[in-house]
Every structure is written in structure tokens, then in C-alpha cells.
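Here is a brief report on selected local features of one model. It takes ring pairs, then a helix pair, then backbone angles.

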Amino acid sequence: DVPKATEPRGDSDGPRRGSLCDRHCAAINNVQGDLSDLGCHLHRPRVPPAMSPPSCCQQHSEEVCESCVVKTTLTAENVVEANKLSNNYKFGFKKWKSHVTARPWEDRSEIVKELYSDLNVIRGSGGSTVTCGNVLYVLLFGWWLSFLYVLMAAMMFITVVGAPYGRLCWNLAGYFLWPFGKVIQKVEVPKSHRALGVCEAGAEASGAGESSALLGGPAPRRWRPRCWADGRHWQRAGALVWLCLGYPMLVLAHGLVCVTAWLLVVLIPVAKLNARTVTRVLLLPPEQVLVRRLRMTEVPLEGEVILCCYRAVNPYYYKYAVDGINVFAVNLLPLVLVTLVLGYVDSHNCLTSSPVKFTLALLSIMPLSYYIGMAIASISAQSNFAVGAVVNATFGSITELTFYITALIKGSREGNRCYAEIVKSALTGTLVGCVLFVPGLCMVIGGIRHQEQRFNSRSAGVSSALLFLSVGGVFAPTLFSKVYGKLVCGECHNVTQNPLGHYLCHNCHFDLMENNGTLYYSHVQPLVYTVSLLLPAAYLIGLFFTLKTHTHIYDIHVSGCHMPGHHHSAVVHWSRWRALVILLLSTLCMSACADLATEHISPILTNSTISQYFIGVTVLAMVPELPEIVNGIQFALQNNLSLSIEIGNCIAVQVCMLQIPILVLFTIFYPTNFTLVFSDLHVYASMFSVVLMNYIFMDGKCDYFQGTVLVMVYFILLAVYFFAPSPSGC
């Protein structure tokens, strides 16, 4: 860090200080960190000791030096992407790692380009094709696909008129048994031979024309029927037999392989192979399809290459995206439809049980959270600051609030206080998880790649101060009730057999409803309403402080790239209207899934031997936050720990300053069993977590050891919740 001035200078040194600081900031901005996956560059606000002049304290004022230290310059590909990057550093805005615009093809790495290839590119010698992934393909799909093609070939030969397709199936049987290092070509038959209609002449001409050193010599002689003109071949009897008997069976088989391989993600090349076979290869005239094995040479092929595959497994397909949507979110989208159909059609649990429906509903929340996050990021990046702030404030916590409100409504209808306790456990679990687990996990994973990571301690300090304020405000009614409430215990036993001796009591709690609830309605409830008004006001003040009056804390400057290939107009994945429609639909589906989760959680709470506290602080609290955790890990791997920490802090602040006041406001219009009085375990766990987080973040740098400490403390708290008895009323 650049040292600060120890004493102020006179006004006469003002111009000199400014010019020196400009040169100092220019030196700082030369220290660049590469954010290759974002397609931009981050200028780190850290100077090596050799570049830091020892006389900075005597030559710079404190405020000028601080502006140099915290300055961060981002280089974006276009205006929309620049807005998204800038929004990531704004307090209260959702942090989003993925691109909201299409990256220029020439700027992508060769690994990413290979992910989007159509498997029709012939490469040079790349080593042996005998790999573990290719062997796995043979064990999973290759052997039975090859056997199916042999059966189809026999059936086509039996029909006589389908003999050309039988020959094609026989060749494809060998191809799909081991397609690696082989190529499927579309070979054009010369027009002169098609006009003559002579089979032998066509075969000889084709054999002569397909000679290639790359393919290993002349092509074998193939039998070809007469008059195979491109416009008339489907009118032949063999083509009709093929479309009625052979093609449908192969479409079903390839469709099954395609879906299975796509869901496994790393086998997406196999999915592409089968999809291209169905849509191209099997629809061509059989004499135009040529299957050959490649040789170790670079002579180009004659004819169009339809398929050329070298390996079945590619571990980098976790980066694959469809219209800007990550492949995992695409694969989980059908799960949402299955959950809604099973949940509302099978209302009597004839097909599945309640625990299965609860699990499906909870898993469906993950892709919906992803779609909501991307929609918010897309709208904010394409809109002005006011619209982005409104969208983030309105839909930023919609995932959690939807579940909490539906749970409280169900508990109120059934008269079951256990649902309110589950909501309190989920709120505490989200707070503790985002304060300890999210930044701790990001530190550990980022520390594996980077020995030491630095972050903006001033911006983290703002979030920490708000966390202290919010935790104190949220638990103020709880502390008030413990001071003035009456302790009521059940199942008391006299240990000494003396009426004046000691008693051992169980299930003790503070009763706030003594004397017809005078203490609660006259003292605790007004305090709850006061806190619920002050916390959102403090949140707004924090927004005004960080986004208006003290923006230099972040001082994010976004400039245009000066690299080749970056001068492109923005091609957004989702337009504003499309993002808005997806946001509303995802919110609607989220409400339905939350309703199903609360509907089928009762058997789990009743029959499970695990404490309801543990279910609330783990499953119900952290599953909706998985997309945010993934974003934080990606930022940490890019050595951008500031955003990883801000992700957890912002969620924790929103839990205390927005979500809890909204739940209190909801109970005013719809009476429920929810009161802002938490158990001792929730109070101690939350306060200890916030204190520990502030101690770790004090110096503005961290490593994997400090992250390990946070994660271990989180797991210790989970163990406490696991062995804790269930709350009273459950």
C-alpha cells in the first residue's frame, strides 16, 4: 500500500501535489491484472515496493493519495458490458460474472472455440485417439449403436429395394463403434454419370474422384443405383422403405444418446455427433455418404466434411453457454417443468412421495435463481442507474422472500408455529452462510491459485458497518424480551427432594404474553416496528453514501479497449423486454416451487430425526444462494476477491435490512406466527460470525488459511445446529 501523509501541506504546494499524484496514479495503473474470461483488464491499485517512492508522505495529501490507492480501471468490450462491470462494484447491485453480450469470436481462446465447433474441422496429428473418454463412449453408447446399425443393415438388405441404405448402415455401424479419427463426407456424383444412369460407370468415376493421400489411396468401388438425381431420390421405393422402417428407429436411438450425453455435459461432443447424424447424414442419398479413416497427412479432402470427431469427452464444457445461458442452467430447466407437473397434478402423492416432491422443488429453485440473476443483470446493464437500482431492490431478494412468505402463510393456516421457526432458522442460516461460508470458500479456492489476495478494505468496511448495525437492530427485540420477559419452564423436577431445594427444568422460554400480552403488545411490538423502519432507512443511507457522495471508495473507471477485435457493437443475449419477460416468468415459477416446497415439508419436519434448526440453516438457506456462490468462486479464481466478499456481504445486509422488515410488514396485513424474537442460538451464532468476519477482513488481504478458518467455523456452527434440540412448538 502507498503510505499516507503524516501532516498536511500548505496551499502553495497544491499544483505540485496534483501533478505528482497524476504521475503516481499513472504508474499505479500500469500494474495490470488480466481478467481473460471477462475479456477485459483490471488495473490493480497496488504498487510494488520498487515503484513506490519513499517520499510520498511528504509530497501528497492524504485524500489525494487515497484516491490513487483505490482507483480501479476496467476495460470492457462494449458499452453494455461496461455497465455490467460497473454495476458489479455498486453497493446493492447484484454481482454477475457471466457476459450479458456476445463476445467477438476472434477474441475467444482456442479451447472455447473448440466447444462451439460443429465437429467438421479436420486437425493435424494430435496423438492417439485411444483415451479414457473415448473408451467410456464405447462402453456407454458405441457398442449398442453399432449393433443397432447392423440390424438396420440386415433389414434393409432383406427389403432388396433398400439395399443402398443397408450398405450405408453397415458402414455407419463401424463408424459409431469407434468414430474417432474417422470422417464422414458428402461426395457429389458427377452430372455426366447421373445423366447416363449407369451404375458401374458412376462407381468407377466416384472411385477415381475420391482418391486422396489424406484418405489413404483410392476409394473402394461402391454399388450405386441408376438415376440418383438429387431432386428425385426420395421418390424411389428404397427411400420410402428407409423413411418408414429404418430412419425412425435410428432417430429414437440417436435422440436417446443425444439427450443423455447433453445432460452429462462433458459428453456434449457425443450429443453433437448424434444430432448432426440425424439431421444431415441419415437424410442424404446413400451414394453421397462416404465414411473413411484419416491418415497422418495434411492433403485436403475432396467434398464437404460432415462429421470429424477426435474425442468424446471435453472437461471444459462447463463453460458452454446457449444464448448466454450456462449449460447447467439449461439442463436443470426441464426439472422445473417436471416439478410443477408432479406437484400440481399428483396432489394425492400417487406417483411420488412428499420428500421427493420437496427435493425436486428445492432443486428447481437453483436454475430459477440463475435466470432471475441474469435477467436483473441484463436489464441493469441496458438501462440507466435509476432503473437498475429499482430492479435490483425489487427482485434482488425475491427468491428468499417467496419461500419465506409461502411458509408463513401455510403455518398461519395450519396454526403451526414450526413454520415460523423454520423461517427464522433460514434467515439466520443465510446470514451466517454469507458471512462465513461464501467468503471463506472463495478465499480457499482463490488461494489455491493465488498465494495472497488483496481487496478494497474500505468498501468491505462499509458493508461490515452496515452488518453490525443490522445485526444489532434485528436482535434488539430478542435482547429486550430476555431482559423484561418472564422465564417459563416445563417439566421441572426437584433434585434434592426438598420443596425449597433446587429444581431441574426443561423447555424454558421467555413468555411475552403474560397479563394478556401487555409486555409484547405495549413494548416489544412497537420496538419491532421501529427497528423495521430504521433498518431500511439505514440501507438507503448506505446506498446514498456509496453511490452518490463517496463514490471514490470504489472509483471504478470503465474505458474502451484498445485491443484488436474489441471494436464491435454490443450484441446482447437478452434484450430488455425479453429479460423482463424471463424475470416475471421465473418469479412466477419460483412462487409455485416455493409453494410446493412448503406444502411437502411437513412430513420431513414431523418424521425426521434431524433438528429443524439444521434443516433451516442448511438446505433452506443455502440452496437458493448456489448461483451467487458460483459467481463468487469465479471472481476469486480471477483474483478479484473484492467482488467475492461483496457478494456475501450484500446478501447478509439485504437479509437484515430488507427481507426481515418486509416480513414484519407482511405480518401486519396478513397475521402470522412470525415474531422478531430469535432463540439464543441464532443470536450467538450471528453475532460471533459478524465479529469474526470483521477481524479477518481488517487488513485488506487474505490467503487460503484465513478462508479455511471461516469455513471451519461455519461447519462447527452447523454441527451445533445439527445436535441442537428442535425448537419449541415443532
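## Aromatic pairs

The structure holds 21 aromatic pairs. Rings of Phe, Tyr and Trp (its six-membered ring) pair if their centres lie within 6.5 Å; planes under 30 degrees apart count as stacked, over 60 as edge-to-face and the rest as tilted. This is a predicted model: local features need pLDDT of at least 70, side-chain atom pairs count only at pLDDT 80 or more, and totals for chains, interfaces and linings use all residues. Side-chain values use heavy atoms, with hydrogens and water left out, and residues are numbered from 1 along each chain as its sequence is written.

Trp 178 and Phe 180 pair edge-to-face, with 5.0 Å centre to centre and 85 degrees between the planes. Phe 180 has 1% relative accessibility, so it counts as buried (under 20% relative accessible area; exposed is over 50%, partly exposed in between; 1.4 Å probe, protein chains only). Phe 437 and Tyr 714 form a tilted pair, because their ring centres are 5.1 Å apart and their planes stand at 35 degrees. Phe 437 lies in helix H16 (residues 418-449) and Tyr 714 in helix H27 (residues 704-723), so the pair ties together parts 277 residues apart in sequence. Helices (H or I, at least four residues) are DSSP runs, numbered from the N terminus. Phe 437 is buried at 18% relative accessibility. Tyr 714 is buried too, at 5%. Elsewhere, ring pairs link Trp 96, Tyr 370, Tyr 371 and Trp 574 into a cluster.

## Helices H6 and H7

The axes of H6 (residues 132-158) and H7 (residues 163-177) come within 8 Å and cross at roughly 165 degrees. H6 is therefore roughly antiparallel to H7 (angles over 145 degrees). Axes are lines fitted to C-alpha atoms over the stretch in contact, and angles run from 0 to 180 degrees between N-to-C directions. The crossing is left-handed: the near helix is turned anticlockwise from the far one by less than a right angle.

Contact means heavy atoms within 4.5 Å. By class, the contact of H6 with H7 has 18 nonpolar, three polar and one charged residues. Nonpolar covers Ala, Val, Leu, Ile, Met, Phe, Trp, Tyr, Cys and Pro; charged covers Asp, Glu, Lys and Arg; the others, Gly among them, are polar. The H6 side includes Trp 143, Tyr 149 and Phe 157. The H7 side includes Arg 167, Trp 170 and Phe 176.

## Positive phi

Most residues other than glycine have a negative phi. Val 160 has a positive phi, near 65 degrees. Val 160 lies in the loop between H6 and H7, and is exposed at 60% relative accessibility.

Asn 639 also has a positive phi, near 65 degrees. Asn 639 sits in the loop between helix H24 (626-637) and helix H25 (641-669).

Methods
Helices (H or I, at least four residues) and strands (E, at least two) are DSSP runs, numbered from the N terminus. Angles under 35 degrees count as roughly parallel, over 145 as roughly antiparallel, 65 to 115 as roughly perpendicular and the rest as oblique.
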